[in-house]
Amino acid sequence: MKSSISYKDMPEYKKKDILQKPSLHSRNKHTGRYDLKALKLLNPDLKPFVAKNKHGNLSIDFFNPIAVKALNKALLMAHYGIEYWDIPDGFLCPPIPGRADYIHHIADVLADSNHGTLVKGDKIKCLDIGVGANCVYPIIGNSVYDWSFLGSDIDSKAIEAAQKIVENNANLTGKVKFRLQEKPEHIFSGILKADEKVDFTICNPPFHANQAEAEAGTLRKLSNLKKKRIKKPALNFAGQGGELWTDGGEKRFVLNMINESAQFSKNSAWYSTLVSKQSNLRSFYDRLEKIGATAHKTIPMGQGNKMSRLVAWTFLTDEEMKTWADERWKSE
């Protein structure tokens, strides 16, 4: 007989995901249907992929990576002032609405530490761990909140592509810089200098432990969406190995991040990461408490049937956070 647990006895981190089936953030620009007529005018490369679906609505084939890439470019042009955006074949082409949600939710985390006021301006600096060739987080964060970004990555080709995006968009010039992580086993070490301060960090970690696991996960996702069994792992969102999998998967990667963040406890007001697997949360909370984090919070996130969550933590005391906010986030 299976044992059961009542709701009142459930850990808080499980209750949150049960109670809340989150939709996109209220400030997210991508709620509702895409205006594909307008988007294909902005980016003519999208036009061949726009057609009516079986319900008579304009749509694209989201299983076609070229179509998704064209849609992403159009969305970035329409909403975030981007004129040039391209990624090399094989690199991750992420869904824009979900990336925007992370940016808006982490903005709320900062606001909670800033007397409820949103933190804006190019003096605010974010470290994007694993910025990728697409450079999407810096594009959105800079456009919406005028933040500056430092993007790190273990792949020099990814940094080269992201740098090209920045160089070809005047609104990003001088606002986004990159550093190559030459030791993939490290996250902050080798990137943050001992006396360097950033206001927060973000990360979309590799979720899988190896390529086979990543492909199996993709097949499950495609089969669920297509409502039939898919045998070929044709990714609609591509990705290099370091973007999709790492030894030990999400759990080990995030635990390593938490451990290393303690060595840079006063370098950032908040640290954060996306977490795909709810079953990993307990391990992360235990480690945060063990290494002396003064606070941590979990924010459910979701789009459609996909659920994830943002986990953020800090080592600053209430008084230290107040001082940080007053010194670095105060509007002029």
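The predictor's confidence in each residue is expressed as pLDDT, on a scale from 0 to 100, and contact is taken to mean heavy atoms within 4.5 Å. The structure is a predicted model, in which local features need pLDDT of at least 70 and side-chain atom pairs count only at pLDDT 80 or more, whereas totals for chains, interfaces and linings use all residues. Residues are numbered from 1 along each chain as its sequence is written, and side-chain values use heavy atoms, with hydrogens and water left out.

Over the protein chain the pLDDT averages 85, and 80% of the residues score at least 70. For residues 13-19 the pLDDT stays under 50, and the model has 16 contacts beyond four places in sequence for this stretch. The pLDDT is also below 50 over residues 208-225, a stretch with 33 contacts in the model beyond near neighbours in sequence.

Helices (H or I, at least four residues) and strands (E, at least two) are DSSP runs, numbered from the N terminus. Helix α9 comprises 13 residues, 249-261, and its expected span is 1.5 Å times one less than its number of residues. A residue is described as buried under 20% relative accessible area, as exposed over 50%, and as partly exposed in between (1.4 Å probe, protein chains only). Among the buried residues of α9 are Gly 249, Phe 253, Val 254, Leu 255, Met 257, Ile 258 and Glu 260. The elements covering the buried residues of α9 include strands β3 (125-129), β6 (198-203), β7 (268-275) and β9 (306-314), together with helix α10 (281-291).

Glu 260, which has its place in helix α9, counts as buried because its relative accessibility is 6%. Leaving aside neighbours within four places in sequence, Glu 260 is in contact with Glu 185, His 186, Ile 187, Phe 188 and Ser 189. Of these residues, His 186 is 74 residues from Glu 260 in sequence, while the two C-alpha atoms are 7.9 Å apart in space. Polar contacts were defined as pairs of N or O atoms within 3.5 Å; within protein, one atom must be able to donate a hydrogen and the other to accept it, and residues adjacent in sequence count only if both atoms are side-chain atoms. A polar atom of the Glu 260 side chain lies 3.1 Å from the backbone nitrogen of Ile 187, and a polar atom of that side chain lies 2.6 Å from the backbone nitrogen of Ser 189.

Asn 72 is found in helix α3 (residues 65-80) and is buried, since its relative accessible area is 3%. The side chain of Asn 72 reaches the backbone oxygen of Pro 94 at 2.7 Å. With neighbours within four places in sequence set aside, Asn 72 is in contact with Trp 85, Cys 93, Pro 94 and Ile 96.

In soluble globular proteins, nonpolar side chains tend to be buried together. A nonpolar core is here a set of buried Ala, Val, Leu, Ile, Met, Phe, Trp, Tyr and Cys residues joined through side-chain atoms within 4.5 Å. The largest such core has 62 residues, of which Leu 46, Trp 85, Trp 147, Phe 200, Ile 202 and Trp 329 touch the most other members. A second, separate core of 25 residues includes Phe 253, Val 275, Phe 284 and Trp 313.

The structure holds ten salt bridges, each being a side-chain nitrogen of Lys or Arg within 4 Å of a carboxyl oxygen of Asp or Glu. One of them joins the side chains of Asp 86 and Lys 69 (2.7 Å, N to O), and this pair links the loop between α3 and α4 (96-112), where Asp 86 lies, to helix α3, where Lys 69 lies, 17 residues apart. Asp 112 forms a salt bridge with Lys 297, with the closest N and O atoms 3.5 Å apart; Asp 112 belongs to helix α4 and Lys 297 to strand β8 (residues 295-303), and the two are 185 residues apart. Asp 112 is exposed, with a relative accessible area of 55%, whereas Lys 297 is partly exposed at 23%. The side chains of Glu 196 and Arg 179 also meet in a salt bridge (2.9 Å, N to O), and a network of salt bridges links Lys 125, Arg 179 and Glu 196.
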